[in-house]
Amino acid sequence: MGKKRDRELDAAADELARADTVAFGGVGFAGTLLPATEAYQRLADALAEHPEEVRAQLDRLLDHGSPAGRAYAATLLERLDPAAARAAWTALRDDPAEFTTYSGCVMDRSSLREYATRRLGEA
């Protein structure tokens with residue numbers, strides 16, 4: 001059972017590592033869930049029961065993920081280790097890389113710099 005869970009967490013992190021869009025719910029008029037949103041939710045669901053395994057995936061994403069993947073990882077890290085999340089957002093505040101964001105049916109673009117600065121301001 002543990003190997004299956006590890007493969008599922010690996011697959012979810014791999015999806016986030018190549019994500020180009022950050023959306024925490026359905027997007028567009030149909031409210032479609034993006035694969036990255038589903039992967040984010042799988043990792044979020046695993047946090048309570050498998051925090052060490054999820055933390056390892058988040059650290060990997062912060063080091064090697066796409067800009068959107070790093071934003072997802074720092075967001076999840078807020079639930080697991082707020083101090084580490086703040087450090088991650090602080091580091092991401094210097095990154096000019098861009099990604100697409102969705103809030104409902106509204107699409108936008110953001111840089112990690114802008115996104116991290118906003119998240120730090122909300123904390």
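Which residue of β3 does Ser103 stand opposite? In this predicted model, Ser103 stands opposite Val106. The pair belongs to an antiparallel arrangement in which six bridges join strand β2 (residues 98-103) to strand β3 (residues 106-111). Glu98 has Ser111 as its bridge partner in β3. Thr100 faces Arg109 of β3. Two residues lie between the strands of this hairpin, and Gly104 adopts a positive phi near 65°.

Strand β2 also pairs with strand β1 (residues 21-22). Two bridges connect them, and the strands run parallel. Here Thr21 is the residue opposite Thr100.

The three strands form an open sheet with mixed pairing, in the order β1-β2-β3. The edges are taken by β1 and β3. Each has a single partner strand, so one side of each has no neighbour in the sheet. Helix α6 (residues 112-122) packs on this sheet and touches β1, β2 and β3. The direction of α6 makes about 95° with that of β3.

Ser110 lies in strand β3. Is this residue buried or exposed? Ser110 has a relative accessible area of 3% and is buried, because the cut-off for burial is under 20%. Beyond residues up to four places away in sequence, Ser110 touches Ala97, Glu98, Phe99, Thr101, Tyr115 and Arg118. Of these contacts, Glu98, Phe99 and Thr101 fall within the residue range of β2. Tyr115 and Arg118 fall within that of α6.

The helices were examined next. The axes of helix α1 (residues 2-17) and helix α2 (residues 35-46) come within 8 Å of each other and cross at roughly 135°. This angle makes α1 oblique to α2. The crossing is left-handed. On the α1 side, the contact is made by Leu9, Ala12, Ala13, Glu15 and Leu16. On the α2 side, Pro35, Ala36, Ala39, Tyr40, Arg42, Leu43 and Ala46 take part. An α-helix has 3.6 residues a turn, so residues three or four places apart point the same way. Contact positions on α2 include Pro35, Ala39, Leu43 and Ala46.

Thr37 is also found in helix α2. Its relative accessibility is 4%, so Thr37 counts as buried. Thr37 and Glu15 are 22 residues apart in sequence, and their C-alpha atoms are 9.3 Å apart in space. Glu15 is among the α1 residues that contact α2. With neighbours within four places in sequence left aside, Thr37 is in contact with Ala23, Phe24, Gly25 and Tyr72.

Tyr72 belongs to helix α4, where Tyr72 is one of the buried residues. Helix α4 (residues 67-80) contains 14 residues. From its first C-alpha to its last, α4 reaches 20 Å, close to the 20 Å expected at 1.5 Å a residue. How many of the 14 residues of α4 are buried? The number is 11, so α4 is largely enclosed by the rest of the structure. The buried residues are Pro67, Ala68, Gly69, Arg70, Ala71, Tyr72, Ala73, Ala74, Thr75, Leu76 and Leu77.

Terms used: Residues numbered from 1 in each chain as written. Predicted model: local features only at pLDDT ≥ 70, side-chain atom pairs only at ≥ 80, totals over all residues. Heavy atoms only, no water. Helix = DSSP H or I, 4+ residues; strand = E, 2+ residues; numbered from the N terminus. Expected span 1.5 Å × (residues − 1). Buried < 20%, exposed > 50% of the residue type's maximum accessible area, 1.4 Å probe, protein only. Pairing = 2+ DSSP bridges. Axes fitted to C-alpha atoms, helices over the stretch in contact; angles between N-to-C directions. Parallel < 35°, antiparallel > 145°, perpendicular 65-115°, else oblique. Left-handed = near helix turned anticlockwise from the far one by under 90°. Contact = heavy atoms within 4.5 Å.
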